[in-house]
Amino acid sequence: MEMAASNVKNIQKANSESCAVHQVTKEAAGKRGKAVECFRCGGTHYGNNCKFMETVCHNCNKKGHLAKKCRGPRSKPEGGRTGLGKFTAPKPQSAAHHLESTEEEDEHCSYNMFNVREPRAEPIYATVEVDGKQMRMEVDTGASASVISEETYKQKWGSRQVSALTPAGIRLRTYTGETIPLLGALEVNIAYNSQEARARLLVVKGNGPSLLGRDWLNKIQLSWGEIKHTRVTEDVIQKYPEIFKEELGTLQGTTVKLFVDPQAEPRFFKPRTVPYAMKKKVEDELERLQEANVITPVQFSRWAAPIVPVLKSDGTVRICGDYKLTINRASKLDAYPLPRVEDLFATLAGGKTFSKLDMSHAYQQLLLDEDSKEYVTVNTHKGLFRYNRLVFGVASSPAIFQRTMDNLLQGIPHVAVYLDDILVTGETEEEHLHHLDQVLKRFSEAGLRLKRSKCTFQAQSVTYLGHKITAQGLCPVEDKVRAIKDAPNPKNGSELRSFLGMVNYYGKFLPELSTVLAPLYQLLHKDCKWKWGPAQEKAFKEVKALLQSAQLLVHFDQDKEIILSCDASPYGVGAVLSHQMEDGSERPIGFASRTLTSAEKGYSQLDKEGLAIVFAVKRFHQYLYGSHFTICTDHKPLMSLFSESRCIPPMASARLQRWALTLSAYQYTIVYRAGKDNANADALSRLPLPEMPATTVVPPETIFLMERLSNSPVNANQIKQWTDRDPILSQVKRFLMQGWPPVIEDDGLGPYAKRKTELSVQDGCILWGSRVVVPPPGRAQVMDEVHEAHPGASRMKSLARSYIWWPNMDQEVEDKVKSCSECQINQKMAPPAPLHLWEWPDHPWSRLHIDFAGPFMGHMFLVMVDAHSKWLEAHIMSNITATTTIEKLRQVFSTHGLPDSLVSDNATTFTCDLFQEFMRRNGIRHVRSAPFHPASNGLAERAVQTLKEGLKRMTGGTITTKLSRFLFQYRITPQTTTGQAPAVMLMGRRPKAHLDLLRPNIRARVERKQEKQKERHDHHARERQLKPNDTVYIRNFTSSQRWLPGIILSQSGPVSFVVKLTDGRVMRRHQDHLRLRYDKDKTMFSDGTAVGGSIQVEIPQETASEEQGHSVVPAEGDGHSLTNTQPAPVPSDPAPLGHALPVSRSTPGVLRRSQRSHKPPEKLTL
């Protein structure tokens, strides 16, 4: 002990951090000379510089020294152990468990020490299978028991409760002696390299390494050679720590392009309804994907696929796009071939050990180019999102990923790549590590990431693509035929018939089959009692040997068509993977079967058949992934649910949706095969292997639903009981478990028959999708629970649709809300009634709408609007009494007259007797609007609003001035409804306004132009004064004589005159065509009268009137001469002029006609 303590003392000086070392072998070591010895710890320094000044002694519990330097009496250790020192270590500390057992234990020659740094060896790890789970544990020969932390326990046994742990008589202490709280112990099954044992495992609080102690080492023998390789491999792995980071990798330097037919029509699908309880989780996942730059929101896209949200076991949601009907329909399938199995195995030939690498989110580590992102757009209730990376579910993804990996790892020998499975080997260990180093280096340079927990390094054997690979070569995988080899004996005639059906299915490949099967057929005779004897046992084993012989089985060949036959029975599932040969026959590659768990036995028949398909696909994944295959089932509803060309049904059960999403990663065609033709898979499902999964995976949606039901007034047990008692639901449940009949005659079963592919059974309750079908006895209670917070009908239906369903549930929800008195009392206003329009009057001032406005700006206003013209009247009121209002109306009516009707609200002023009497006496029909409904008198209400807004905007002047200016502008402005100004429609004219001054005055402009024209003309003109009876010469335009004498009879215009010529003709001439005539001699007219000088002629009244009215006709031969139709009479008295002669009325006028001959138009010439 003193030697060990001395060694510790010398080591402590060099330590600055603690490291965990669990076993140190005692060896002889000489003591070093010391100039000074610390009384606190024994170190080579003075006590006042010792770092253990505050340390508590474990012997005397006093502060200031270590137990080894304690001068007090030595206390006896617990459990009878003596002489074992406990050494503290300087901080910081590393995670380590210090074990002390209450049982007597041989100390051997090793010590538990936790403070050794130099030299420091790397921990030794071994991977042990614990209860079927792989666990990496640190080998610690110094620990008397095997230990895991609470954190590891929750990760591995999350479904168990801490209370399930059993007490253990073990005490755990840290290196300072403090006790670690022990949660309890587990009795587990451990397995290592074909070794199995039952052992105890301790669980402590907190976190720390998992220790493999001496108790386990006594039960299993470790492969130290393998452990050595693991340590060497760790050195290689440590060179590239970034590869194993828990993050999404990104392939550098290249992007992925999806090829879509340019002629393909874009396919856009609307988003699916997300259950109310999952909306928040979906939104959180969308936000997380945006932050990780996996998706990007967009406003528009020609392509869009709906999403399928799936709850994971940790409560979060995984979002997947349903690309079956979008890009997978239109894209050109990448023709890059997957590697042949024979070529891969040739690459691995000669390998000694094998490393298998698994990529984390393999597809999403590849970026898409910009043109391809539109094709993988998904449509959610939050809008459209585009994926920036290659996504799961696109048909071309496997080939694209295979090409990328081949290009990345090309040139490295002994490396096999099949999609995301990468296998590395070498002919020697050094070569293997060199190849592994090259692969990891290229992954690091490319920016890719691996999932460390799923990688296997330097294993002696691996199962790859359905084959077991070892240093000796390929070994047959017993799992392919174990379903036949270990098939249990039939227990009744039904099971035997199924088995014989499978045997006969392959009968043509098995020689002398009838002879071998004879003892078995004897049990099927009607008069034979069932008795399984030695003869039947021998025949059964012989037949099983034939089914797994080379005479029947064939090797997997990628060039042949792959057929996967599946079937389910009430207690098992079975599957057969086959090749279709050139002659059309099927030869099996492998068989698979298992027994259903107790929970799975409660599935509906639809779910059992779906489980069989998913079980088969997962079991034969390495044969199927990346290749096209055909699924054969004898359950027709699965053809639509799992169809490769249809969307995943949104109302299918959560379990079926998860399975459909799993199958979407494969390229398959599902076909229906009648039960009699599916005998090979049927036999395996009825004679399944006794193995079954440890736990049954229940979709988190269903767990959440059942937990909600357990806390509700109606729980799952009650629903189960009511379902079994209800005549309709009990039949539905039976049909779900045993299969639906081809024809449903009961009308009550109709709603359920329509949803038969979406119904399932969970714990005796019928589910439609993720919603519980509530039997009639519990519907009222459930309805009250949903209506507890009195939501509206829409919100109540949304809440109910997340949990429950029954026929006509939506109508019952609406009736519940309508009949709830509390909801009715506190309900909002009903939707407005259809608008009833006022009839438009056909003449102005027929119907008036009246109302009061104010107090506004310190005044009350009486507002009136004419319904025809929209003329607005507004008057300031001193008060709004009936008397004052009537006086104001009299003023208005005195201007515009009485209207036919008047519309008002129910104010006191308008409802009093005085106002009613005023209306009656004036013959005005008074119409009042509905109480508290201003919209009925909307024209007046709008006028009040218009008046207030207008007065607010008016500036300057008194309120009276503002009102006058506003009313004037309103009345001359065209109204939006009529399109005309109110003043025009009411008065028939537009009042003059300031804006009219802006219009140009055309009259004044014309007069100015005329004045200027006259001024220019009169510049060379001379004014002459002509009057009747003046003798003049007139201009002649018809003959050679230019001027003809005559006398002015009258003035027909300002500058026009009527002149009588000497030959009796009367003509009208302009003043410019007249000039005064001065005659010395008398002039004789055609009637024999003579004039000389100035003469005055009295014109008869009739002639004058005719001349003033221009009632003249052209004289013959002169288009410009005028004559009366009657000769002018000669006055009886002479004119005042002495030498004037009267004109005789009896003198006939001479009519001159044109003598020209008219040529007819050419068009009339025949």
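This is a predicted model: local features need pLDDT of at least 70, side-chain atom pairs count only at pLDDT 80 or more; totals for chains, interfaces and linings use all residues.
Leaving aside residues up to four places away in sequence, S578 touches Y506, E561, I562, I563, E586, R587, P588 and I589.

## The chain as a whole

The protein chain that contains this strand has 36 helices and 46 strands in its secondary structure. Of its 1166 residues, 47% count as buried. When the contacts with a separation of 6 or more are considered, 67% of them are accounted for by residues 24 or more positions apart.

## Aromatic pairs

How many aromatic pairs does a search of the whole structure find? The search finds 13.

The aromatic pair of Y752 and W805 is edge-to-face, with 5.7 Å from centre to centre and 85 degrees between the planes. Because Y752 lies in helix α24 (residues 750-754) and W805 in strand β32 (residues 804-805), this pair ties together parts that are 53 residues apart in sequence. Both Y752 and W805 are buried. Elsewhere, ring pairs link F629, Y666 and Y668 into a cluster.

## Arginines over rings

Aromatic rings also take part in another kind of arrangement, in which an arginine lies over the face of the ring. R452 is placed in this way over F244, at 6.0 Å from the ring centre. In a second example, R1075 lies over the face of W1043, at 4.7 Å from the ring centre.

## Two packed helices

At what angle do helix α22 and helix α23 pack? Helix α22 (residues 716-725) and helix α23 (residues 727-738) pack at about 95 degrees, and their axes are 5 Å apart. This angle makes α22 roughly perpendicular to α23, because the range for that description runs from 65 to 115 degrees.

The contact brings T723, D724 and R725 of α22 together with P727, L729, S730 and K733 of α23. Sorted by class, the residues in this contact are two nonpolar, two polar and three charged.

## Tyrosine 803

Is Y803 buried or exposed? With a relative accessibility of 15%, Y803 counts as buried, and its place in the chain is the loop between α26 (793-800) and β32. Although Y803 and W768 are 35 residues apart along the chain, their C-alpha atoms are separated by 9.6 Å.

## Backbone exceptions

Most residues other than glycine have a negative phi, and most peptide bonds are trans.

Which residues does a cis peptide bond join? The bond joins G854 and P855, with omega at about 0 degrees, and P855 lies in strand β33, made up of residues 847-856. H790, although it is not a glycine, has a positive phi of about 55 degrees. This residue lies in the loop between α25 (776-786) and α26, and at 39% relative accessibility H790 counts as partly exposed. W845, another residue other than glycine, also has a positive phi, with a value near 55 degrees. W845 is found in the loop between α28 (821-825) and β33, and its relative accessibility of 5% means that W845 counts as buried.

Conventions
Residues are numbered from 1 along each chain as its sequence is written. Side-chain values use heavy atoms; hydrogens and water are left out. Rings of Phe, Tyr and Trp (its six-membered ring) pair if their centres lie within 6.5 Å; planes under 30 degrees apart count as stacked, over 60 as edge-to-face and the rest as tilted. Helices (H or I, at least four residues) and strands (E, at least two) are DSSP runs, numbered from the N terminus. Buried means under 20% relative accessible area, exposed over 50%, partly exposed in between (1.4 Å probe, protein chains only). A charge sits over a ring if NZ of Lys or CZ of Arg is within 6 Å of the ring centre and within 35 degrees of the ring normal. Axes are lines fitted to C-alpha atoms, for helices over the stretch in contact, and angles run from 0 to 180 degrees between N-to-C directions. Angles under 35 degrees count as roughly parallel, over 145 as roughly antiparallel, 65 to 115 as roughly perpendicular and the rest as oblique. Contact means heavy atoms within 4.5 Å. Ala, Val, Leu, Ile, Met, Phe, Trp, Tyr, Cys and Pro count as nonpolar, Asp, Glu, Lys and Arg as charged, and the others, Gly among them, as polar.
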